[in-house]
Amino acid sequence: MRSEQAVQPPVTDLLRAAVGDAKFNFFGISYGGVIGETCTSLFPGRTGAMVLDSPVDADVWYNAPFEAINEQLASFDRSLDRWQHWCSRHEAVCALDPED
């Protein structure tokens, strides 16, 4: 199922009505961020508050998935490198052995 299918008005309206909200409020974790972005893009007037913990460029995700995955992997590598650099400067509080 694509995100566009998951956020069609009947689905979002049923969810919204079930919790008694006037607008569709959403907490998106991981891939849920793509669903939240898609919902807001397709139905901006029906969207209320949103929390998206991992926003992505949905256009790239759908139309150039290998590029999106490569960007994500490069970001993971940069984050790990920064953490390892920090850890090497704070050995007293870092759980890694200097030999790791």
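The model is predicted, so local features need pLDDT of at least 70 and side-chain atom pairs count only at pLDDT 80 or more, while totals for chains, interfaces and linings use all residues. Residues are numbered from 1 along each chain as its sequence is written, and side-chain values use heavy atoms, with hydrogens and water left out.

## Overall fold

Let us start with the outline. The protein has five helices and two strands, and along the sequence they follow the pattern α-α-β-α-β-α-α. Here helices (H or I, at least four residues) and strands (E, at least two) are DSSP runs, numbered from the N terminus. Of the 100 residues in the protein, 21% are buried. Buried means under 20% relative accessible area, exposed means over 50%, and partly exposed lies in between, with a 1.4 Å probe and protein chains only.

## The two strands

Strand β1 covers residues 24-28 and strand β2 covers residues 47-52; the two run parallel and are joined by four bridges. Two strands pair if DSSP finds at least two bridges between them. Between them the chain passes from β1 through helix α3 (residues 32-42) to β2, and this β-α-β crossover is right-handed. That hand means that, with the strands pointing away from the viewer, the path from the first strand over the helix to the second runs clockwise.

Thr47 counts as buried at 12% relative accessibility. Its C-alpha atom is 9.1 Å from that of Gly36, a residue 11 positions away along the chain.

On the covered face, Phe24 and Phe26 are both buried. A search of the whole structure finds one aromatic pair. The ring centres of Phe24 and Phe26 are 5.6 Å apart and their planes stand at 35°, so the pair is tilted. For this label, rings of Phe, Tyr and Trp (its six-membered ring) pair if their centres lie within 6.5 Å; planes under 30 degrees apart count as stacked, over 60 as edge-to-face and the rest as tilted.

Ser30 has a positive phi of about 60° although it is not a glycine. Most residues other than glycine have a negative phi. Ser30 is partly exposed, with a relative accessible area of 49%.

## Cysteines

The count comes to one disulfide, taken as a pair of cysteine sulfur atoms within 2.5 Å. Cys87 is joined to Cys94, with an S to S distance of 1.3 Å. The link of Cys87 and Cys94 is left-handed, with -65° about the S-S bond.

| Residue | Relative accessible area | Class |
|---|---|---|
| Cys39 | 3% | buried |
| Cys87 | 6% | buried |
| Cys94 | 12% | buried |

## Pocket and cavity

Rolling a probe the size of a water molecule over the atoms shows where empty space is left. On a 1 Å grid over the protein atoms alone, a cavity is a set of points where a 1.4 Å probe fits but cannot get out, and a pocket is an open set with protein on both sides within 12 Å along at least five of seven lines; lining residues have an atom within 4 Å of a point. Grid points are joined across faces, edges and corners, and a volume is the space filled by probe spheres set on the points.

The largest pocket has a volume of about 220 Å³. Its lining includes Ser30, Tyr31, Asp57, Trp61 and Glu71. Helices α4 (58-63) and α5 (65-89) are the elements that give two or more residues to this lining, and α5 has the largest share, three residues.

There is one cavity of 30 Å³ or more, and the largest cavity has a volume of about 30 Å³. Thr12, Asp13, Phe24, Cys39, Phe43 and Arg46 line the largest cavity.
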